[in-house]
Amino acid sequence: MSHTAGLRITGVDVDLSGSPVLRGVDLTVRPGQFVGLVGPNGSGKSTLLRTVYRSIRPTAGAILVDGDDLRSLSARTAAQRTAAVVQDGSDPAGLTVTELVALGRNPHHGLLSRESGTDRTAVAEALTRTGTADFAHRTIGSLSGGERQRVLLARAIAQQPRLLVLDELTNHLDIRARFEMLDLVRGLGITTLAVLHELDLAARCCDSLVVLDRGHAIAAGPVLNTLTPAVLAEVFGVNATAALGGDGVIRITYDAEPLADPAPTGSSLVLTEHQGKPDER
């Protein structure tokens with residue numbers, strides 16, 4: 001990938017069906033970073049991701065990719081910059097793997113464009129990188145959940161985006177496959193924003209994390225600065241500690257008593273402006 005994008009989200013609010021889902025979310029992803037979105041169910045992770053790939057229009061705020069507001073870009077230009085792997089299950093089961101991956105080239109075509117050698121090369125490389133070339137002629141409906149996830153990632157890679165957004169990419173994968181998939185994404189060198197449900201995977205694989213809770217960004221920054229005991233207790237309700245092991249891997253250790261005491265009334269965690277570390281207030 002010759003160029004990766006920077007992403008900046010400023011003051012984003014989202015209302016759905018008249019109810020607030022996100023409030024005042026700020027987020028910066030530097031070019032080439034792998035940033036994870038974590039938080040409890042219903043915290044707004046997938047909603048934030050959907051605003052980045054223009055499935056949802058924010059009520060307020062701005063989303064900038066390479067300094068350009070996404071709302072000012074045409075659909076085609078936005079798709080050339082950003083590719084998404086989402087859990088909508090809408091892909092036609094009758095398409096072959098190659099046909100589905102080739103759809104990733106659509107943003108690069110004009111109205112009368114035909115498939116080119118560049119397209120075929122991009123598709124072939126995406127199939128090879130994701131380990132899906134061996135079943136390229138099978139239909140999508142015949143694939144296992146894990147195989148389908150790899151094909152969806154291959155389609156995104158074939159799109160040759162500057163920014164990759166992933167919503168629970170590791171669903172339907174066994175433990176080894178989860179690590180392999182996230183290592184594959186890291187190796188792409190593409191700026192990535194990913195919703196991850198498992199904190200242990202997020203701690204191991206991400207350069208930086210954003211913790212969402214009830215529509216607010218509670219903490220953001222390096223893993224050890226965000227997954228503090230205070231954040232783990234208040235947001236996730238567990239007594240736990242994240243620490244860097246001698247092998248360079250960050251692991252989370254959970255206490256024998258899994259549920260943390262409820263936070264004192266009126267207590268909330270906020271992100272300090274200068275250090276990017278959570279404080280209690």
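The model is a predicted one, where local features need pLDDT of at least 70, side-chain atom pairs count only at pLDDT 80 or more, and totals for chains, interfaces and linings use all residues. Residues are numbered from 1 along each chain as its sequence is written, and side-chain values use heavy atoms, with hydrogens and water left out.

**Salt bridges**

- The structure contains 12 salt bridges, each being a side-chain nitrogen of Lys or Arg within 4 Å of a carboxyl oxygen of Asp or Glu.
- One of them pairs Arg-150 with Glu-180, with 3.7 Å between the closest N and O atoms.
- Arg-150 belongs to helix H5 (residues 145-158) and Glu-180 to helix H6 (residues 175-188), so this pair ties together parts that are 30 residues apart in sequence.
- Helices (H or I, at least four residues) and strands (E, at least two) are DSSP runs, numbered from the N terminus.
- Glu-180 also forms a salt bridge with Arg-176, and here the closest N and O atoms are 2.8 Å apart.
- Glu-180 and Arg-176 sit 4 residues apart in helix H6, which means about one helical turn separates them.
- Glu-180 is partly exposed at 34% relative accessibility, while Arg-176 is exposed at 63%.
- Through shared partners, salt bridges join Arg-150, Arg-176 and Glu-180 into one network.
- Another salt bridge links the side chains of Arg-251 and Asp-247 (2.8 Å, N to O), and Arg-251 is partly exposed, with a relative accessible area of 43%.

**A residue in a loop**

- Thr-96 is found in the loop between strand S6 (82-85) and helix H3 (97-102).
- Thr-96 counts as buried because its relative accessibility is 18%; buried means under 20% relative accessible area, exposed over 50%, and partly exposed in between (1.4 Å probe, protein chains only).
- Leaving aside residues up to four places away in sequence, Thr-96 touches Ala-136, His-137, Arg-138, Thr-139 and Ile-140, where contact means heavy atoms within 4.5 Å.

**The largest pocket**

- The largest pocket holds about 460 Å³ of space.
- A pocket is an open set of points on a 1 Å grid over the protein atoms alone where a 1.4 Å probe fits, with protein on both sides within 12 Å along at least five of seven lines; lining residues have an atom within 4 Å of a point.
- Its volume is the space filled by probe spheres set on the points, which are joined across faces, edges and corners.
- The lining has 21 residues, with Tyr-53, Thr-82, Ala-83, Ala-84 and Gln-159 nearest the centre of the pocket.
- Helix H2 (75-81), S6 and H5 each give two or more residues to this lining.
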